[in-house]
Amino acid sequence: MLGTRMDAAVLAQTDWDLVVIGGGITGAGVLLEAMRQPQARGKKVLLLEQKDFAWGTSSRSSKMVHGGIRYMAQGDFRLVRESLHERERLLREIPDLVQRQAYLFVVRGRQFPNRWAMAPIMWLYDAFAGIRDHQWFSKARLSQCVPQLSTAQLKGAMRYTDALVDDARLVLRVLHEAVLEGGQVCNYVQVNHLSVHHTGGFDLSVYDALNQTETTIHAKKVVNATGALADALSGTEKKVRPLRGSHLLMAHHRLPIESSLTILHPRDKRPVFVYPWMGMTCVGTTDLDHTGDLRQEADCAVEEVDYLLELMQREFPSAHITQADIVSSFAGVRPIIASGKGLNPSQERRSHSVWTHHGVVTVSGGKLTTFRVIAHDVLRTLGWIDENKQRALRDTHERLFRHDVVFPNDLGNPKKAIEFNPTFLQTLEWIVQHEMVVHLDDVLLRRTRLGNTQRNGGQEYLPKIRTVCQKYLAWDDARWQLEQARYLEMIQTHYSLPKTHT
Ligand SMILES: Cc1cc2nc3c(=O)[nH]c(=O)nc-3n(C[C@H](O)[C@H](O)[C@H](O)COP(=O)(O)OP(=O)(O)OC[C@H]3O[C@@H](n4cnc5c(N)ncnc54)[C@H](O)[C@@H]3O)c2cc1C
């Protein structure tokens, strides 16, 4: 349904009205909202992604469609209100992918915020969402729900709700919708350079990683939605401060929680989440300046493993969680618009920014949850909508997802464990036929989460996966060997514990 992948050389034969660069949630959202506008009628709109769709931050988030309690504390009420509106919309429209989830904000000793400080915060949080869904859990009730939680100085927890998602699947769902609206998408095409064309519009020098060729694509308008890499194409001074956040995953039975827990880390009092996701228990995140090459996958560092394990061991002493319980890790890089004030990472605001230079519209920052709102800001800057239309779009009750795209077998359900069985193989057959799969890691790390939720990336299942891939993707034995080696190397290097921890 994403259509057949076309080589960049073929795409270069079209004079595009708009090219969106970046296939994360921001680019996908811009493409979809652009296709929805009357201006899109008869126009040719293309999204280009240098690697796979959702390869960047949008497959490595904490998987929460949420307002963000801590942004309330930072006074970022606008971001929280927008996020909660969007959360409720996504819960209504795609309940198969975005699911309401109970959260427990654990309160200990003289911790701030305590029960009394949280009460008005939660009242406002619910009011923004138009629901009333929070209540105080006493220590006894909390211990009943989470018996492994340490009772040292435990006062209780504020229970509230937010939502969980498979972030990569959300991106794919938005892309499916955009393609059904007439947009075109292509993965593994990197935009290396943008220049203003003498007849107007832009020349995009692109590299097609599949056939290793360079070509030039022409577009009348360009949106640079490349997340943490936005500075490379914006043409302006550096604005993005890349901040890394990592997560560890362990089998759910090692810490069988049903609610997501928000816990202040004993070391620095940062809120860290411990939550159930796809049959695993997940802990994260960290918040550090990322100095690595942004074109490569980020890795979880030794100190991040230590930091997260320290929390698990202090908070759940009876569970005896050790490194040996960690099934996998993942790290993502937040595209944060730098305040330039030298703030510590967690104090930097999470809101997005849109700016223009020589006609190139760049967008970066923001959240997964607010992709629709971000897209409207981009379209306004692009001149495709005006202020009135933007206000109308913000408040509209019209559906964002209008096409009947049903992923098979609960694919992307954040509350369903991934099991390797005949149904999984059936799902795989659907994926390789409909979702522009290029590499094995596209299938196992983003179209499904087998690679994240099984030890060694599910290496033991590869022989059966090979049969499906070879049948539908026409991979010969040599190609399979290359794909398998590439995938296992990726799992070892970027999704396992850092070397000194194994
Ligand atoms: C640890 C962590 C936890 C988070 N948790 C949450 C959460 O729970 N809820 C929430 O709402 N938000 C969360 N966020 C924020 C959210 O994930 C990001 O804001 C969002 O995913 C950014 O999307 P994006 O499309 O802007 O960037 P990306 O997803 O990084 O997409 C940019 C894309 O552009 C591509 N690209 C770059 N350069 C080029 C080029 N030259 N040519 C072609 N393509 C290019 C990249 O390959 C990439 O795929 C979290 C972020 C992190 C890091």
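Helix 10 and helix 11 run roughly antiparallel to each other. In this predicted model, helix 10 covers residues 371–382 and helix 11 covers residues 387–395. Two packed helices are described by the angle between their axes and the distance between the axes. Here the angle is about 170° and the axes are 10 Å apart. Since angles over 145 degrees count as roughly antiparallel, the pair falls in that class.

The residues that make this contact can be picked out on both sides. Helix 10 contributes Arg372, His376, Asp377 and Arg380, while helix 11 contributes Glu387, Gln390, Leu393 and Arg394. Sorted by class, the contact has five charged residues, two polar ones and one nonpolar one. The spacing in sequence can be read against a general rule. An α-helix has 3.6 residues a turn, so residues three or four places apart point the same way.

From this pair, step back to the whole chain. Its secondary structure comes to 16 helices and 18 strands. The radius of gyration is 22 Å, close to the 23 Å given by the globule rule for 502 residues, so the chain is as compact as a globular protein of that length. Along the principal axes, the C-alpha atoms fill a box of roughly 70 × 55 × 40 Å. Of the 502 residues, 61% are buried. The chain exposes about 20,100 Å², and carbon and sulfur atoms supply 50% of that area. Among contacts with a separation of 6 or more, 75% are between residues 24 or more positions apart.

Some details of the backbone deserve a look next. The peptide bond between Phe112 and Pro113 is cis, with omega about 5°. Pro113 sits in the loop between strand 4 (99–108) and helix 5 (115–129). A cis bond also links Gly284 to Thr285, where omega is near 20°. Thr285 belongs to the loop between strand 14 (280–284) and strand 15 (288–289).

Positive phi values turn up in residues other than glycine. For Gln153, phi is near 55°. Gln153 lies in the loop between helix 6 (139–145) and strand 6 (154–164), and Gln153 is exposed, with a relative accessible area of 62%. For Met436, phi is near 50°. Met436 is placed in the loop between helix 12 (422–434) and helix 13 (440–447).

At 1% relative accessibility, Gly451 counts as buried. Leaving aside residues up to four places away in sequence, Gly451 touches Leu444, Leu445, Gly457, Tyr487 and Ile491.

Definitions and conventions
Residues are numbered from 1 along each chain as its sequence is written. This is a predicted model: local features need pLDDT of at least 70, side-chain atom pairs count only at pLDDT 80 or more; totals for chains, interfaces and linings use all residues. Side-chain values use heavy atoms; hydrogens and water are left out. Axes are lines fitted to C-alpha atoms, for helices over the stretch in contact, and angles run from 0 to 180 degrees between N-to-C directions. Helices (H or I, at least four residues) and strands (E, at least two) are DSSP runs, numbered from the N terminus. Angles under 35 degrees count as roughly parallel, over 145 as roughly antiparallel, 65 to 115 as roughly perpendicular and the rest as oblique. Contact means heavy atoms within 4.5 Å. Ala, Val, Leu, Ile, Met, Phe, Trp, Tyr, Cys and Pro count as nonpolar, Asp, Glu, Lys and Arg as charged, and the others, Gly among them, as polar. The radius of gyration is taken over C-alpha atoms; the globule rule is 2.2 Å times the number of residues to the power 0.38. Buried means under 20% relative accessible area, exposed over 50%, partly exposed in between (1.4 Å probe, protein chains only). Accessible areas come from the Shrake-Rupley method with a 1.4 Å probe; for residues, only the protein chains shown count as cover.
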